[in-house]
Structures are given as structure tokens and as C-alpha cells.
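Work through these exercises with the sequence and the model side by side. Try each task before you read its solution.

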Amino acid sequence: MAGHSKFKNIMHRKGAQDKKRSAMFSKLSREITVAAKMGMPDPDMNPRLRLAVNAAKAQSMPKDNIQRAIDKASMAGGEDYEEVRYEGYGPGGVALIVEALTDNRNRTATNVRTAFSKNGGNLGSEGSVSHGFERKGLIEYPASAGDEDTVLEAAIEAGADDVESSEDGHTIWTAADDLHAVASALEGTLGEAESVKLAWKPNITVEMDEAGASTLLKLVDTLDDDDDVQTVWGNYEISDEIMEKIG
């Protein structure tokens with residue numbers, strides 16, 4: 001239970017997300033609405049909604065926006081979103097999982113397929129790459145939450161599976177079913193997490209060279225820019241040196 005991770009690179013570049021605040025709020029709102037529609041509109045009674053609300057709070061989304069998204073779930077004639085997962089390969093044989101919430105499957109499928117084909121990738125069928133990932137709970141804390149030993153001890157006490165600490169912060173992994181319980185226990189000792197979510201954790205990662213990384217990140221950014229796409233997961237790893245070169 002330890003180690004250094006570049007998992008923030010594996011997901012996508014956080015900096016790119018920060019520039020798209022309104023688009024990000026829109027995606028967070030969509031997830032809140034879907035979660036509220038699938039269960040109770042009360043975060044305390046609906047684990048998925050609680051995750052969605054916590055994710056929104058972590059991105060400083062205003063309370064009014066969060067409540068509007070919850071209320072939207074009970075409105076007559078509101079949009080009906082469905083969850084869709086796409087899987088495929090990017091440059092260098094990197095495996096990618098794209099999670100989307102859409103009210104038009106054809107539109108989303110066309111956009112995702114086009115993004116892959118124009119950026120050195122190939123869209124596969126569902127299940128074509130997910131066998132190389134594990135469905136896990138992911139909790140992230142900033143480095144200021146405590147030193148490596150403090151966080152490790154808290155994570156073991158809370159029942160986490162694994163911890164990866166670096167100067168950027170702490171990544172805590174749990175079994176998918178244990179995410180809520182572990183996150184609640186950690187909040188008591190470490191405070192509120194930066195993010196709490198279900199994730200796709202790759203079993204093996206692929207180290208990217210500069211050319212491959214540049215094309216791959218264009219693909220990830222293109223997918224991220226799509227309103228229907230919620231999250232892009234991949235099994236790639238990019239060194240800090242290459243990240244600095246390609247910006």
C-alpha cells in the first residue's frame with residue numbers, strides 16, 4: 001500500500017479542465033440530474049447523488065446550481081439521459097474508456113467515433129478494452145491533507161485497498177462497493193476530499209513517447225470537449241518531462 005502515481009495524467013490533464021468551467025458545470029449538473037432521477041432526490045438517501053453533489057462541491061459549483069440540477073429530475077418533460085460507455089484504442093495502442101450521458105445515442109456515437117478516427121485511434125465494441133481495467137473507488141486528497149504516513153494510516157483504518165502519495169497529493173483506492181463507507185470514514189480524519197468517484201483503474205499502463213503523447217492528448221481533449229462525454233479513462237502514462245514539452 002504505497003507508491004508514486006501519475007494517475008492525474010492517466011485520466012486527463014486537470015489544467016485543461018480548469019479552462020472549461022462552464023462546460024464542466026454543465027456535465028456535473030447532468031450527472032446530478034440523472035442520479036436524482038434514478039433514486040431519491042436526497043443525497044443522504046441516494047449514494048450516487050451524494051457522489052455527484054460532492055464532485056460538484058469540489059469544483060466550487062454554487063449551491064443554487066446544484067439544487068436546480070436536483071429539482072430538474074422531477075420536472076415533467078425534462079431531458080431523459082442514458083448512460084453509454086464507449087471503448088477503443090488511441091495512438092500507441094492505448095486503451096480508452098469513454099463514459100457519456102446522452103439524450104441522443106446516434107449523435108454521441110458519431111461524435112466519439114469521429115474523435116477517435118481523426119486523432120489516430122479506433123473505436124471498438126463495448127468490452128473490447130474494459131477487461132484490462134478494474135472498476136474501483138477513487139478518493140483524492142491534496143498534499144496538504146497530511147504526510148504520506150498520516151494518510152496511509154487513515155486509509156488503512158478506513159478500509160481502503162491502496163494509497164499512492166506524491167508531491168501532487170494522495171490517491172486512495174477502494175473496492176467499488178466500499179467507496180461511500182471509506183470516503184465517510186476518511187472525512188472524519190482527513191477532512192473533505194478533493195474528489196470521490198467511481199473509476200476505471202488500468203491493470204497495466206503504457207508509457208508514451210512525445211509524439212504519441214501529443215496525438216493522444218488531442219484525442220482526449222476532443223472527447224472532453226464533447227458535451228455528452230462525462231469522463232475519459234485510459235491506461236497511458238506520460239512523464240513530467242514530456243508533459244512539460246507538449247504543454
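Contact here means heavy atoms within 4.5 Å. The model is predicted.

**Exercise 1. Get an overview of the protein.**

Step 1: Take the secondary structure. The protein has ten helices and ten strands.

Step 2: Turn to burial. Of the 247 residues, 47% are buried.

Step 3: Look at contacts between residues at least 6 apart in sequence. Of these, 75% join residues at least 24 apart.

**Exercise 2. Describe how helix 7 packs against helix 8.**

Two packed helices are described by the angle between their axes and the distance between the axes.

Step 1: Find the two helices. Helix 7 covers residues 148-158, and helix 8 covers residues 179-190.

Step 2: The axes come within 9 Å and cross at roughly 140°. Helix 7 is therefore oblique to helix 8.

Step 3: The crossing of helix 7 with helix 8 is right-handed.

Step 4: List the residues that meet. Helix 7 supplies T150, V151, A154, A155 and A158. Helix 8 supplies V182, A185, L186, T189 and L190.

Step 5: Sort these contact residues by type. Eight are nonpolar, two are polar and none is charged.

**Exercise 3. Is D228 buried or exposed, and what does D228 contact?**

Step 1: Locate the residue. D228 sits in the loop between helix 9 (210-225) and strand 9 (229-234).

Step 2: Check the accessibility. Buried means under 20% relative accessible area. D228 has 3% relative accessibility, so D228 counts as buried.

Step 3: List the contacts, leaving aside neighbours within four places in sequence. D228 touches R30, E99, A100, L101, T102, R107 and T108.

Step 4: The side chains of D228 and R30 are joined by a polar contact of 2.9 Å.

**Exercise 4. Where is E31, and which residues does E31 contact?**

Step 1: E31 belongs to helix 3 (residues 21-38).

Step 2: E31 has 18% relative accessibility, so E31 counts as buried.

Step 3: Again leave aside neighbours within four places in sequence. E31 is in contact with R48, A52, L101 and Q230.

Terms used: Residues are numbered from 1 along each chain as its sequence is written. This is a predicted model: local features need pLDDT of at least 70, side-chain atom pairs count only at pLDDT 80 or more; totals for chains, interfaces and linings use all residues. Side-chain values use heavy atoms; hydrogens and water are left out. Axes are lines fitted to C-alpha atoms, for helices over the stretch in contact, and angles run from 0 to 180 degrees between N-to-C directions. Helices (H or I, at least four residues) and strands (E, at least two) are DSSP runs, numbered from the N terminus. Angles under 35 degrees count as roughly parallel, over 145 as roughly antiparallel, 65 to 115 as roughly perpendicular and the rest as oblique. A crossing is left-handed if the near helix is turned anticlockwise from the far one by less than a right angle, and right-handed if clockwise. Ala, Val, Leu, Ile, Met, Phe, Trp, Tyr, Cys and Pro count as nonpolar, Asp, Glu, Lys and Arg as charged, and the others, Gly among them, as polar. Buried means under 20% relative accessible area, exposed over 50%, partly exposed in between (1.4 Å probe, protein chains only). A polar contact is a pair of N or O atoms within 3.5 Å; within protein, one must be able to donate a hydrogen and the other to accept it, and residues adjacent in sequence count only if both atoms are side-chain atoms.
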